[in-house]
Amino acid sequence: MVANQVNYHQTRDEARIIIKNKSLHAMTSSNQYLRSDFRIMGLVGAAHGASHFFHLVLPPLFPILKEEFDVSYSALALLTTCFYGVSGIAQTLAGFLVDRFGARNILLGGLTLLAASVIGYGFATEFWMLLLFSLLAGLGNSVFHPADLTILTQKVTPLRLGKAYGVHAFSGNLGWATAPIFVIYASQLFNWQTALILSGLLGLFIVLFFVIFGSDLNDTKVGSNVRIDTTVFSLASLTQNLSLLFSSTILSCFCFFALLAAALVGVQSFGISAIRDLYDIDITQATFALTTFLVCSAIGILSGGVLADKTTRHDLIAIIGVVLSGLVLILIGSQIITASSVIAFLGLSGFFSGFTAPSRDMLVKKATPAGSTGRIFGFVYSGLDFGSSLMPLLLGWLMDLGSPKSVFHACAVMLFFTIFTVVNVKKRSSFAF
């Protein structure tokens, strides 16, 4: 009997040890995944922030470049159109390249080309040179969404994926927010050429950082042995790929992104010039207003990322956000508010638009079959570039006609139109929402 008691206590102690070891192993494994997720979010976020920084190195300088090269606002809008036009055309191809060769090298190659092109802006002595470098910069920019979102989707654990998308969008908005301040103050301290050269050098520094520390930018999915798809270019898969890309659901996602981007790039490209004309404030104050819009958008993204992980009604979040953002833009364009409050109202519009971003990415993820993230994200996010390439031409023309208020009204209309695309995605998607 004593022996039985000893065996009982010994077995119980061994069981406790086993349970304790399992708990420690689970905790260690969980901590490893947490650290890995944060590391991947940080690396990809930094790359995305750099790309968005380069989106806005030229638009804040439009009033200066207009006098420097003696061109119209419509001509300056062509710089933005060339950039986003090439980026949009090349982005779907970049998505296939990501699926075929992996995201890391494609990502770093694009960032290098983009940074070098911005340095080229600073050496331009003729307007056509700015156009040429805009084309090259657009080609470099085309890789980011398919590469970034493929890495996040495959690498980050699912329970933190909404937050990962939020960090990704937040980093991009930080890049947008810092660019106007940097180039305006650098141009005032030195000149516009030096400001652009310094901007490009910052990008090359980030490339060097990734070469040294970016080994985690791989395409291996957490907890699995998923490999890069090597059949995406086969003739047998061509019909299937086209059918997938041009399905009603994916096309609705494309249109949603195109309309959303048209509104946002409108504020980014001509917001400074329009605010100066509407409220009679100097370029520094107008630049601060745009920065406030972008910073508040980044704050909205973080808030939206938390909510995106706690709800399945991402369509409803997207609709509410774009409606509120559009209404505020109408108030600004109608000059109902005072000059002293325009900064606050622009920040409010930015917050509402940013709040939708993580839910926007979750909508696309839900409509994306496994193994197709590169091509789907590449195609859908090319809608961002499509909308961004066309809207500046319209707004540049309106500015030349002397109608700065139309800039904000047109941006609001684009936001309102996104409602129909979100409803269609919700209605027609063959994947569960």
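Asp70 sits in the loop between helix H2 (62-68) and H3, and that loop is a friendly place to begin. A helix here is a DSSP run of H or I with at least four residues, a strand is a run of E with at least two, and both are numbered from the N terminus. What you are looking at is a predicted model, in which local features need pLDDT of at least 70 and side-chain atom pairs count only at pLDDT 80 or more, while totals for chains, interfaces and linings use all residues. Residues are numbered from 1 along each chain as its sequence is written, and side-chain values use heavy atoms, with hydrogens and water left out.

Asp70 has a positive phi of about 55°, although it is not a glycine. Is this residue buried or exposed? Its relative accessibility is 70%, so Asp70 counts as exposed. For these words, buried means under 20% relative accessible area, exposed means over 50%, and partly exposed lies in between, using a 1.4 Å probe and protein chains only. Gln335 also has a positive phi, near 60°, in a residue other than glycine. You will find Gln335 in the loop between helix H12 (314-333) and H13, and it is partly exposed, with a relative accessible area of 41%.

Now step back to the whole chain. Its secondary structure comes to 16 helices and zero strands. Of its 433 residues, 56% are buried. Contact means heavy atoms within 4.5 Å. Among the contacts with a separation of 6 or more, 85% join residues 24 or more positions apart.

Which residues does Tyr381 touch, leaving aside its neighbours within four places in sequence? The contacts are Gln91, His145, Leu149, Phe257, Arg360 and Asp361. Tyr381 and Phe254 are 127 residues apart in sequence, yet their C-alpha atoms are 6.8 Å apart in space.

Next, turn to the aromatic rings. A pair of aromatic rings is described by the distance of the centres and the angle of the planes. Rings of Phe, Tyr and Trp (its six-membered ring) pair if their centres lie within 6.5 Å; planes under 30 degrees apart count as stacked, over 60 as edge-to-face and the rest as tilted. A search of the whole structure finds eleven aromatic pairs. In one of them, Phe83 and Tyr84 have ring centres 4.9 Å apart and planes at 90°, so the pair is edge-to-face. Both partners are buried: Phe83 has a relative accessible area of 6%, and Tyr84 has 5%. Elsewhere, Phe53, Phe54 and Phe182 form one aromatic cluster. A ring can also meet a charge, which sits over it if NZ of Lys or CZ of Arg is within 6 Å of the ring centre and within 35 degrees of the ring normal. The charged end of Lys66 sits over the ring of Tyr73 in this way, 5.3 Å from its centre.

On a 1 Å grid over the protein atoms alone, a cavity is a set of points where a 1.4 Å probe fits but cannot get out, and a pocket is an open set with protein on both sides within 12 Å along at least five of seven lines; lining residues have an atom within 4 Å of a point. Grid points are joined across faces, edges and corners, and a volume is the space filled by probe spheres set on the points. The count comes to three cavities of 30 Å³ or more.

The largest cavity holds about 310 Å³ of space. It is lined by 27 residues, and the closest to its centre are His52, Trp176, Leu264, Arg360 and Leu384. H10 provides the largest share of this lining, five residues.

The second largest cavity holds about 130 Å³. Of the 17 residues that line it, the closest to its centre are His55, Leu58, Pro59, Thr80 and Phe83. The largest share of this lining, four residues, comes from H3.

The second largest pocket has a volume of about 190 Å³. Among its 13 lining residues, Ala46, Gly49, Ala50, Phe53 and Ile206 lie nearest its centre. H1 gives the most to this lining, with six residues.
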